Amino acid sequence: MSSAAVLGPTVAFLAELAGDGRALEFAIGTGRVGVPLRERGVPVVGIELSEHMAAVLRRKVDEETLPVAVGDMATTVVPGQFTLVYLVYNTITNLLTQDEQVECFRNAARHLAPGGRFVIELGVPPLRFLPPGQVAVPFDVSEQHLGFDTFDLVEQVLVSHHFTHDGEDSRYRRDSSRHRYAWPAELDLMARIAGLELERRVADWDGAPFTQDSAKHISVWRKPV
Ligand SMILES: C[S@@+](CC[C@H](N)C(=O)[O-])C[C@H]1O[C@@H](n2cnc3c(N)ncnc32)[C@H](O)[C@@H]1O
């Protein structure tokens, strides 16, 4: 995700939407996208929940060049208006309820200037790979790493499990993370609740058409003028 092949098209897509305005990244993390977007000349502000992640970003760039507010992207308000708010790398799913996800859309709309855009990058829930009666879908089976998702279809929750080889012996480290998955249509409704209109949906940062087989989408909603 940090390779030039991924970041080049990501940053180009976002820079074009930001135009001459400012960009706000929700859940900026260590600045994987925000730092190169700033280097391209777009003023960027970040919101990030984890003080630790924000501290790692701060080692790359100073506060004046790229300000970051530590807080929840669903509720934290930073000064000024933006032509672009963006939330990438599936991170909307870190908000574990529909209410929180709606609040996130509202918070994006609150920061947008009229005509500004909210962009989300999100995987399509891989439920077509889940046979009836089963709860797990593997996404990586290799010597070094075993990864699979388990699904609670009633709660609309996915847990990603990782078993990563720990070095010389046969031990594996176990990690997991919990996510609320959502379909594109549900996000469109959240956008509508927040007063935003769908402008564009593509399958990747190069702008490939979104189809029924797309594994993810980049969606752009616009705040009406
Ligand atoms: C997958 S990383 C993505 C980081 C960065 N946007 C990127 O693309 O590399 C997810 C980040 O979201 C942050 N995060 C999770 N929930 C959040 C919330 N409610 N508000 C703000 N940040 C959040 C985490 O701390 C983590 O830094």
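Why does Glu-121 count as buried? Glu-121 is buried because its relative accessible area is 4%, where buried means under 20% relative accessible area, exposed means over 50%, and partly exposed lies in between (1.4 Å probe, protein chains only). The model is predicted, so local features need pLDDT of at least 70 and side-chain atom pairs count only at pLDDT 80 or more, while totals for chains, interfaces and linings use all residues. Residues are numbered from 1 along each chain as its sequence is written, and side-chain values use heavy atoms, with hydrogens and water left out.

- Glu-121 belongs to strand β5; helices (H or I, at least four residues) and strands (E, at least two) are DSSP runs, numbered from the N terminus.
- Strand β4 (residues 82-87) runs parallel to β5, and 5 bridges join them; two strands pair if DSSP finds at least two bridges between them.
- Between β4 and β5 the chain passes through helix α4 (residues 98-111), and this β-α-β crossover is right-handed.
- A crossover is right-handed if, with the strands pointing away from the viewer, the path from the first strand over the helix to the second runs clockwise.
- Val-85 has Phe-118 in β5 as its bridge partner.
- Strand β11 (residues 216-222) pairs with β5 in the antiparallel sense, over 7 bridges.
- Within that strand, Arg-222 is the bridge partner of Arg-117.

- A polar atom of the Glu-121 side chain lies 2.8 Å from the backbone nitrogen of Tyr-89.
- Glu-121 touches residues that include Met-1, Tyr-89, Asn-90, Trp-205 and His-217, when residues up to four places away in sequence are not counted; contact means heavy atoms within 4.5 Å.
- Tyr-89 is found in the loop between β4 and α4, and its phi is near 60 degrees, a positive value in a residue other than glycine.
- Tyr-89 counts as partly exposed because its relative accessibility is 46%.
- Asn-90 is also found in the loop between β4 and α4, with a positive phi near 65 degrees in a residue other than glycine.
- Asn-90 is partly exposed, with a relative accessible area of 34%.
- Ile-92 is found in this loop between β4 and α4, but Ile-92 is buried, with a relative accessible area of 2%.
- The C-alpha atoms of Ile-92 and Glu-121 are 8.6 Å apart, although the two residues are separated by 29 residues along the chain.
- Apart from its neighbours within four places in sequence, Ile-92 is in contact with residues including Leu-87, Phe-105, Ile-120 and Leu-122.

**Aromatic rings**

- A pair of aromatic rings is described by the distance of the centres and the angle of the planes.
- The structure holds 7 aromatic pairs; rings of Phe, Tyr and Trp (its six-membered ring) pair if their centres lie within 6.5 Å, and planes under 30 degrees apart count as stacked, over 60 as edge-to-face and the rest as tilted.
- Phe-118 and Trp-221 form a tilted pair, at 6.1 Å centre to centre and 35 degrees between the planes.
- Phe-118 lies in strand β5 and Trp-221 in strand β11, so this pair ties together parts that are 103 residues apart in sequence.
- Phe-118 counts as buried at 0% relative accessibility, and Trp-221 is buried with a relative accessible area of 0%.
- Ring pairs link Phe-26, Phe-105, Phe-118 and Trp-221 into a cluster.

**Strand β1**

- Strand β1 (residues 23-26) has Ala-23 and Glu-25 pointing one way and Leu-24 and Phe-26 the other way, and all are buried.
- With strand β2 (residues 44-48), β1 pairs in the parallel sense over 4 bridges.
- The chain crosses from β1 to β2 through helix α2 (residues 34-39), in a right-handed β-α-β crossover.
- Strand β1 also pairs with β4 in the parallel sense, over 3 bridges.
- Leu-24 stands opposite Val-45 in β2 and opposite Val-85 in β4.

Terms used:
Polar contact = N/O pair within 3.5 Å; in protein donor to acceptor, adjacent residues only side chain to side chain.
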